[in-house]
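Here is a short briefing to read alongside the model. Take a look at the fold and the side chains, and then walk through the points below.

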Amino acid sequence: VWTAQPHHDHFESVAVRMREFAGELLEARQIEYRVEMDPSVAKLPLPGGQPYDIYLIFKESLHNVVKYAEATRVLIS
């Protein structure tokens, strides 16, 4: 449902969800993190199901960081 809404067809909408997820996951494990995003990237169009696909890839990446990297700090760029 989230991806079918027309106002979610730019990277900015998925970036908001990515930041929220990173905060929830990493803060719960007391991992310091920082998110850096070029403002021009926010306006990139993402047609179809791309926002959802990007979000799932991001989630899997962060889960792998937590599970395998034993990281104490994470930079998301």
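A residue counts as buried under 20% relative accessible area, as exposed over 50%, and as partly exposed in between. Arginine 34, at 47% relative accessibility, is therefore partly exposed. Please keep in mind that this is a predicted model. The protein has two helices and two strands, and along the sequence they follow the pattern α-β-α-β.

**Overall picture**

- Of the 77 residues in the protein, 27% are buried.
- The protein exposes about 5400 Å², and carbon and sulfur atoms supply 54% of that area.
- Among contacts between residues at least 6 apart in sequence, 76% join residues at least 24 apart.

**Strands and their connection**

- Strands β1 and β2 pair in the parallel sense, over four bridges.
- The chain gets from β1 to β2 by way of α2, and this β-α-β crossover is left-handed.
- Which residue of β2 is the bridge partner of valine 35? That partner is isoleucine 76.

**The nonpolar core**

- The largest nonpolar core holds 15 residues, and Phe58 and Leu62 touch the most other members.
- The elements giving two or more residues to this core are α1, α2 and β2 (73-76).
- Helix α1 gives the most to this core, with eight residues.
- Beyond its neighbours within four places in sequence, leucine 62 is in contact with Phe21, Ala22, Leu25, Leu26, Val74 and Ile76.

**Salt bridges**

- How many salt bridges does the structure hold? There are two.
- One of them joins lysine 43 and glutamate 12, whose closest N and O atoms are 3.2 Å apart.
- That pair links distant parts of the chain: lysine 43 sits in the loop between β1 and α2 (50-69), while glutamate 12 belongs to helix α1, 31 residues apart.
- Lysine 43 has a relative accessible area of 54%, so this residue is exposed, being over 50%.
- Glutamate 12 is partly exposed, because its relative accessibility is 39%.
- Glutamate 36 and arginine 34 also form a salt bridge, with the closest N and O atoms 2.7 Å apart.
- Glutamate 36 is partly exposed, with a relative accessible area of 35%, and arginine 34 is partly exposed at 47%.

**Loop residues with positive phi**

- Glutamine 30 lies in the loop between α1 (11-28) and β1 (32-35).
- The phi of glutamine 30 is near 55 degrees, a positive value in a residue other than glycine.
- Is glutamine 30 buried or exposed? Its relative accessible area is 73%, so glutamine 30 is exposed.
- Glutamate 70, found in the loop between α2 and β2, has a positive phi of about 50 degrees although it is not a glycine.
- Glutamate 70 is exposed, because its relative accessibility is 69%.

Note on methods. Residues numbered from 1 in each chain as written. Predicted model: local features only at pLDDT ≥ 70, side-chain atom pairs only at ≥ 80, totals over all residues. Heavy atoms only, no water. Buried < 20%, exposed > 50% of the residue type's maximum accessible area, 1.4 Å probe, protein only. Contact = heavy atoms within 4.5 Å. Areas by Shrake-Rupley, 256 points an atom, 1.4 Å probe, with all protein chains shown as cover. Salt bridge = Lys/Arg side-chain N within 4 Å of Asp/Glu carboxyl O. Core = buried A, V, L, I, M, F, W, Y, C linked by side-chain atoms within 4.5 Å. Pairing = 2+ DSSP bridges. Right-handed = clockwise from strand over helix to strand, strands pointing away.
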